[in-house]
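Below is a short report on one protein model.

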Amino acid sequence: MFMRHTLFIIMLLSLSCAFLHAQELSVEDFKQNETDLTANLQGTMVLDQNGEKCALIKIFTTEQGFTFDVGSLGISKTEAKTGEIWVYVPRGVRRITLNHQTYGRVEFAFPVPIQGSKTYEMTLKTTKPMVSDEKQPLSVRVVPSSATLLIDDAIVETDNGRATVELQVGNHSYNIAAKGYIGQSGTVAIKPGSPAKLIIELDHQVSDEKTLVAGKEEEKPAEPQVLQDKVAVVEGVGEMFTLGKVQFLMVNVDHGTFTIGAHSNQKQPMIQERPAHEVTLTKDYAIGETEVTQELWKEIMGENNSYDQGSKDLPVEQVTWEQCQDFCKELSRRTGRKFRLPTNAEWEFAARGGNKSKGYIYCGSNDPNEVGWYDSNADNSTHEVKQKMPNELGLYDMSGNVWEWCQDNFGSYRAGKQTDPVTETTDNRRVIRGGCVIYPFSHTRSSFRVFNEENEYSNTLGLRVLMER
């Protein structure tokens, strides 16, 4: 699947838009009010979806019309007050994004940990944009020419994909959609004395281009200088994504039935690996060939805070479960596909080789040294991905290197057959899998699992993503 790409000409550079917004909306002050008990009092206390007390952020502003986003944890409630907006959020949120149609957008990273039942105060500074009656022409060209064009939520008629509209100086929203293509929306800045152009080319939802067929690269004409995101089918394996200069392979895993937990060939299993029981996964999926690398994480998130650095092919670490949710959300937005963390069962099925499993104890072998990095062979540091043997599906490093977050909560196994199991509890303990470079090889078994608090991170804890098919 190709990704959308946009060419802004003359005064429509996205950087200039960001600059305008930064001038119009900003956070002037943020602090915790330790004497304010609003978030902990009956009548003003709000519980999140897990039944825990929310934190309350009192936003001081005389303006209305804001929308807020805190990522995957979600906002529990907003309430408008005189001169204030109360925003209730779950504990552990790390940042908040504020949007306003007039003043623009600002993203604010909290300087202190956000705790449940506590009250925080945020003071906003808004600078009214210059009001002008001046209008300037905006010339628009859209591809495909059949696309529907909306500016400020009003349909604009196009002639063979072209239109010219007179717009008042300021910011204007646009939305373009066409059947079979990835839609696009954004903001256009119209400046005084400057006619503007906007050229938008939508990309197909399904790409017919296959750059890899049966493992052989086809000859292609020279790529344009502007790098385009794309996806190519790898016949019999999965799909190869190219995002900027970063490539990663998603390996197909067909649905099936297997025994999860410690098998009979495993000695001295831990209690969290028992009892072994039958699990049926009814849906096909794809899973990352490797752990998410630092190169891919930086391409998507714009930063890399890993402890072990020095190679783009090292697995990313020092990421919380919450940050992984943000990563999957942004990766989904950028590719137009649905990415998430695998469930505990999906992870183990893939680690065991799916329907191609040969019953190994570790992920691809009965010899842990062949397939994994652990305390005796890793020298206390992570290693570049794909340096050991893959498992039956062609997946690397599912034994060792870094622990890998799973989507569901940690809970005890129970006997009996299960279908598409997902463990959900009210605590914030999340399953982690695979073992790592500072623990013994016994932790790298396909069945071994422990947990970590979702808002904590470690320099031996990363992720592997799943893509729904």
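## Overall make-up

The protein has 5 helices and 31 strands; helices (H or I, at least four residues) and strands (E, at least two) are DSSP runs, numbered from the N terminus. This is a predicted model, in which local features need pLDDT of at least 70 and side-chain atom pairs count only at pLDDT 80 or more, while totals for chains, interfaces and linings use all residues. Residues are numbered from 1 along each chain as its sequence is written, and side-chain values use heavy atoms, with hydrogens and water left out.

Of the 469 residues in the protein, 50% are buried. Buried means under 20% relative accessible area, exposed over 50%, and partly exposed in between (1.4 Å probe, protein chains only). The protein exposes about 22,800 Å², and 48% of this comes from carbon and sulfur atoms; the areas come from the Shrake-Rupley method with a 1.4 Å probe, and for residues only the protein chains shown count as cover. Among contacts with a separation of 6 or more, 68% are between residues 24 or more positions apart, where contact means heavy atoms within 4.5 Å.

## A four-stranded sheet

Strands E12, E11, E14 and E15 form, in that order, an open sheet of 4 strands with antiparallel pairing. Two strands pair if DSSP finds at least two bridges between them. At the edges are strand E12 (154–156) and strand E15 (184–190), each of which pairs on one side only. On average, neighbouring strands of this sheet are turned by 30° against each other, direction ignored; the axes are lines fitted to C-alpha atoms, for helices over the stretch in contact, and angles run from 0 to 180 degrees between N-to-C directions.

Strand E14 (residues 170–177) runs antiparallel to E15 and is joined to E15 by 7 bridges. Tyr174 has Gly186 in E15 as its bridge partner.

## Backbone features

One runs from Val143 to Pro144, with omega near 10°, and Pro144 sits in the loop between strand E10 (135–143) and strand E11 (148–151). Another joins Arg274 and Pro275, with omega about -5°; Pro275 is in the loop between strand E22 (256–260) and strand E23 (277–281).

Asp397, a residue other than glycine, has a positive phi near 60°. Asp397 is in the loop between helix H5 (368–371) and strand E26 (403–409) and is buried at 2% relative accessibility. Asp420 also has a positive phi, near 45°. Asp420 lies between strand E27 (418–419) and strand E28 (429–433), in the loop, and is partly exposed at 31%.

## Cysteines

How many disulfides does a search of the whole structure find? The search finds 0, a disulfide being a pair of cysteine sulfur atoms within 2.5 Å. For Cys328, the closest cysteine sulfur is in Cys324, 6.6 Å away and therefore too far for a bond. Cys328 is buried, with a relative accessible area of 3%, and Cys54 is buried at 0%.

## Aromatic rings

There are 15 aromatic pairs in the structure. Rings of Phe, Tyr and Trp (its six-membered ring) pair if their centres lie within 6.5 Å; planes under 30 degrees apart count as stacked, over 60 as edge-to-face and the rest as tilted. Phe241 and Phe248 are stacked, because their ring centres are 5.2 Å apart and their planes at 10°. Phe241 is buried at 1% relative accessibility, and Phe248 is buried at 11%.

Tyr374 and Phe441 form an edge-to-face pair, with centres 5.9 Å apart and planes at 65°. This pair links distant parts of the chain, 67 residues apart: Tyr374 is in the loop between H5 and E26, and Phe441 in the loop between E28 and strand E29 (449–453). Tyr374 is buried at 7% relative accessibility, whereas Phe441 is partly exposed at 39%. Ring pairs also link Phe30, Phe108, Phe110 and Tyr120 into a cluster.
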